Amino acid sequence: MKAFTEHTGVVAPLEAMHVDTDQIIPKQFLKRIERTGYGDVLFYDWRYLDDGTTPNPDFELNRGRYKNASILLAQDNFGCGSSREHAPWALSDYGFRSILAPSFADIFYNNCFNNGLLPITLPGDVVNALFTEVRAQEGYALTVKLAEQEIVKPDGGVITFDIHPFLKQRLLHGWDQIGLTLQHEDKITAYEQAHGIA
Amino acid sequence: MAKTIYQKIWDAHLVAEPEEQDAIVYIDRHYVHEVTSPQAFEGLRLSDRKVRRPELTYATMDHNIPTTKRTGPIADPLSRAQVETLAGNCADFGIACFDMDDQRNGIVHVVGPELGLTLPGMTIVCGDSHTSTHGAFGALAHGIGTSEVEHVLATQTLLQKPSKTMEVRLNGAIQPGVTAKDIVLAIIGRIGTSGGTGYVIEYTGDAIRAMSMEARMTICNMTIEAGARAGLISPDETTFAYLENRPYLPQDKPFDALKEEWRAWASDPGCAYDTVVEIDVDAVEPQVTWGTSPEMVTGISGQTPMLDAEADENKRLAYEKALQYMGLAPGTPITEIAVDKVFIGSCTNGRIEDLREAAHVLKGHAIAPTIKQALLVPGSQQVKRQAEAEGLDRIFIDAGFEWREAGCSMCLAMNDDRLEPGDRCAATSNRNFEGRQGKGGRTHLVSPAMAAAAAVTGRFCDVRSWDYK
Ligand code: SF4
């Protein structure tokens, strides 16, 4: 899996609460059997006009200044809804490496860590202030430092964040979960024997 | 020390607690469907891994399959490829698969319980968020992503952090005409769609004890809509009576011995929870969602919100956007909202009891001429057969409903069943997100009885004063 250590990138604002996985990637794109190629259809129903190809000028992410954004600024309960991992696949395929929001839905949050994508939970007022700053300054970029658990602002200001130590290590090293678990295969076998699972 | 059912299941399934890592938890049952599994099987192949316990794994096809007559291959080539990929993967890895032509086919969360594959005290996962449904049996059950599906296939375990526990105590007795769907919508309205984040919710109280298994499944099903990791209900005689004689029960013990084992999973009297929420169910009326999140809900006597009444700016924006999408003005009485389509089905409300409730309302009535389509999609082929044996199909067909084969259907509109832009639908499913039932479609979540009543009158009405025939 892709590791995440430090990343600097332009920030794009997505001003909506409860952005659900149906908005992140609608169901018609879940029929594919690959893991890649979902970036073009990220936020499909919002991003394109009814013809499905013309960019919707009213959708903030379509504005030129956010074209190469790689950090997404979002609101409460981001990623709610289904368990589809196509949501983090689409976000990372589009080019996002980190998402900042006041809260994330549980399954989505977990899925991010299996895809080298760093979700960061910040207090609501910090997020609201970032929305204002991002819109006020074209090219507004942040540097996310995972080891230090810090976000550095253009003016040098620093925002710190919390993250579970194990999730942090997994991302820093890009560990493969299955390989990690299989280091304890003897314990799995012992559990199965003790429970009559032959 | 008195333990909750969650703690008991957690403790009993711990394989290892490696230092500075998540706990490794054993998984007793893994359900698989066609949409979230192909990349997981592909991952196994790429790293030359096998499925560790194919005999604990069961697959069904549900999301993509047509609900019209199932003769010949699926027309949509992508849907067909996905369904065929699952069949191929199951054959290659030795997993039982209930394919489209199988009598046991249906929505994964309807099929598992009705076959007796879901049992008290189990850990259950599936690459599907509504896996929370199985918690109704006292199983710790939740949805996982595709990478985790691969992890479970390869290791029969999952890496987990312990959750906090929330008791949601349902006091009192439910009014006639009010159902489990209304109760769970009211709970979500109260605690919000992120109210349960970080928690496993256990439902307790007189109202839960009085509920059937179907009703309990409806409650646990929508627990994910409250943001919780899982919903749980301690098993009791109602659970055991439902399970007796199900075909996939363990065969190595008499049923009485199983019952005693299962009973021991129930939360101990006096156990402690991190948070407690109490709901007085006597006061809950039939619920209707008005917006694009399940927490945007009110009673049938209510109205859509007035925007200036909302102090929180982010919330006000969300309400405004939702009302705009739904094509509703602030302050619209719910009973003035007319619908174009009605959908009864899904893993929330596609079980036999749901069909009975809807049929009870529809009997002797016909759908309103303004209704463009009314769909009845049973949750499983077994539910369909049972309903036909009871003559419910006639009631639906005579009233003007289409009587379909089982599947997810218009709950997420991955097959051909979907809303057209602007269509307003009374739906018994679980998500009213923008575009969930088809791009531009407007979904109002309701109980099967309320959906049936809306089909007849063409608008939402209070089923508590229904003219039953
Ligand atoms: S019926 Fe709907 S919610 Fe349930 S499994 Fe199918 S798509 Fe998901």
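Tutor: Let's start with a word we'll need: two residues are in contact when heavy atoms of theirs lie within 4.5 Å. Keep in mind that what we're looking at is a predicted model.

Student: Okay, which residues is K259(B) in contact with, if we skip its neighbours within four places in sequence?

Tutor: With those neighbours set aside, K259(B) is in contact with E237(B) and F240(B). You'll find K259(B) in helix 10 of chain B, which covers residues 255-263.

Student: Why is K259(B) called buried?

Tutor: Its relative accessibility is 18%. Buried means under 20%, so K259(B) at 18% counts as buried.

Student: What does V152(B) touch, leaving out the neighbours within four places?

Tutor: Its contacts there are I27(B), H30(B), V125(B), I144(B), T157(B) and L158(B). Also have a look at V51(B): it is 101 residues from V152(B) along the chain, yet their C-alpha atoms are separated by 8.4 Å.

Student: Now rings. Why is the pair F396(B) and W403(B) called stacked?

Tutor: First, the number of aromatic pairs over all chains is 24. For this one, the ring centres are 5.8 Å apart and the planes make 15°. A pair needs centres within 6.5 Å, and stacked needs planes under 30 degrees apart, so F396(B) and W403(B) pass on both counts and are stacked. A distance between centres and an angle between planes is how a pair of aromatic rings gets described.

Student: Are F396(B) and W403(B) buried or exposed?

Tutor: Both F396(B) and W403(B) are buried.

Student: Which rings of chain A does a cluster link?

Tutor: Ring pairs join F78(A), F104(A), F108(A), Y109(A) and F113(A) into a cluster.

Student: How do you know that a charge sits over the ring of Y38(A)?

Tutor: The charged end of R32(A) is 4.7 Å from the centre of that ring. The distance limit is 6 Å, and the charge must also be within 35 degrees of the ring normal. In chain B, R246(B) lies over the face of Y242(B), 3.9 Å from the ring centre.

Student: What makes the phi of F43(A) worth a look?

Tutor: F43(A) is not a glycine, but its phi is positive, about 50°. Most residues other than glycine have a negative phi. F43(A) sits in the loop between helix 1 (21-24) and helix 2 (44-47) of chain A.

Student: Why is F43(A) called buried?

Tutor: Its relative accessible area is 0%, and that is under 20%, so F43(A) is buried.

Student: Which residue of chain B has a positive phi of about 60°?

Tutor: Q156(B), and Q156(B) isn't a glycine either. Its loop runs between helix 5 and strand 8 (157-160) of chain B. With a relative accessible area of 0%, under the 20% cut-off, Q156(B) is therefore buried.

Student: How many of the residues in chain A are buried?

Tutor: Buried residues make up 60% of the 198 residues in chain A. Chain A itself has eight helices and seven strands.

Technical notes. Residues numbered from 1 in each chain as written. Chains lettered and ligands numbered in written order. Predicted model: local features only at pLDDT ≥ 70, side-chain atom pairs only at ≥ 80, totals over all residues. Heavy atoms only, no water. Helix = DSSP H or I, 4+ residues; strand = E, 2+ residues; numbered from the N terminus. Buried < 20%, exposed > 50% of the residue type's maximum accessible area, 1.4 Å probe, protein only. Phe/Tyr/Trp six-rings, centres within 6.5 Å; stacked < 30°, edge-to-face > 60°.
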